Amino acid sequence: MATKEAIISLPNQKLRQKSQKVGLITPEIQAVISDMKSSTLDWEATRKHEVGVALAAIQINRPLKIIIIRNNFDDKKRRSFSVYLNPQIVKLEGDITEDFEGCLSVEGIYGKVPRYSKVRVKALNERGEPVRLKAEGFLARVLQHEIDHTKGLMFVDHIKNNPQAFYRLTKDGKLTAAPYKIIKNAHIFSD
């Protein structure tokens, strides 16, 4: 059984490493998946206004191409996840739209990030069976965000040259513009 690890956050440079492909689905891989789910739910339990939508294995310091995505984004009581091993974007489609993103590994900072509105992804499920997804809207955004993690990319990398794209969460759960000086001093950029 794997030892449970906390979610790591920027400026931890381990988040910038590329993840390795999963070969066999061993008990160790199954333990990582279980740890990812419990780590996401533990993170969420300490936040009144945030939901643990998804997680990549690198976020618990395991550089493996594994992502989990919550099956119901709108209900914190629904605690099930879909698992994708070796996820790969096959095609980006639709318009590029800006919307808010946060990350369990970027504490207290949100951004208005441009992403494609539709995406096609291929992966393996946790039984090793091939799956193909066509997603649009928020799910397409989540898939792009999590697959970026497997490449060592963070959502802040997409907006680092746009000072107006950064936000912080207020105590009452509202997003408000964040002064760029604070963002720059948070040491969240790779350069």
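His187 is placed in the segment after H3. In this predicted model, phi of His187 is near 55°, a positive value in a residue other than glycine. The residue is exposed, because its relative accessible area is 55% and the cut-off for exposure is over 50%. Most residues other than glycine have a negative phi, and most peptide bonds are trans.

Asn86 also has a positive phi, near 50°, and is not a glycine. Asn86 belongs to strand E3. Its relative accessible area of 12% makes Asn86 buried, since residues under 20% are counted as such. A further backbone feature is the cis peptide bond between Leu10 and Pro11, with omega about 15°. Pro11 is located in the segment before helix H1 (27-45).

Phe189 and Leu10 are separated by 179 residues in sequence, while their C-alpha atoms are 8.4 Å apart in space. Phe189 lies in the segment after helix H3 (180-184). With a relative accessible area of 16%, Phe189 is buried. Leaving aside residues up to four places away in sequence, Phe189 is in contact with Arg16, Val156, Lys160, Phe166, Tyr180, Ile183 and Lys184.

For the protein chain as a whole, three helices and seven strands are assigned. Their order along the sequence is α-β-β-β-β-β-α-β-β-α. Among contacts with a separation of 6 or more, 64% are between residues 24 or more positions apart. The radius of gyration is 16 Å, which agrees with the value near 16 Å for a compact globule of 191 residues. Along the principal axes, the C-alpha atoms fill a box of roughly 45 × 40 × 35 Å. Buried residues make up 44% of the 191 residues. The accessible surface of the chain is about 10,300 Å², and carbon and sulfur atoms account for 49% of this surface.

The largest pocket has a volume of about 660 Å³. Its lining consists of 27 residues, and those nearest the pocket centre are Val51, Glu101, Gly102, Cys103 and Tyr110. At least two lining residues come from each of strand E3 (81-103), strand E4 (106-124) and helix H2 (138-150). Classified by residue type, the lining comprises 15 nonpolar, five polar and seven charged residues.

How values were computed
Residues numbered from 1 in each chain as written. Predicted model: local features only at pLDDT ≥ 70, side-chain atom pairs only at ≥ 80, totals over all residues. Heavy atoms only, no water. 1 Å grid on protein atoms, 1.4 Å probe; cavity = no way out; pocket = protein on both sides within 12 Å on 5 of 7 lines; lining within 4 Å. Points joined across faces, edges and corners; volume = space filled by probe spheres on them. Helix = DSSP H or I, 4+ residues; strand = E, 2+ residues; numbered from the N terminus. Nonpolar A, V, L, I, M, F, W, Y, C, P; charged D, E, K, R; others polar. Rg over C-alpha atoms; globule rule 2.2 N^0.38 Å. Buried < 20%, exposed > 50% of the residue type's maximum accessible area, 1.4 Å probe, protein only. Contact = heavy atoms within 4.5 Å. Areas by Shrake-Rupley, 256 points an atom, 1.4 Å probe, with all protein chains shown as cover.
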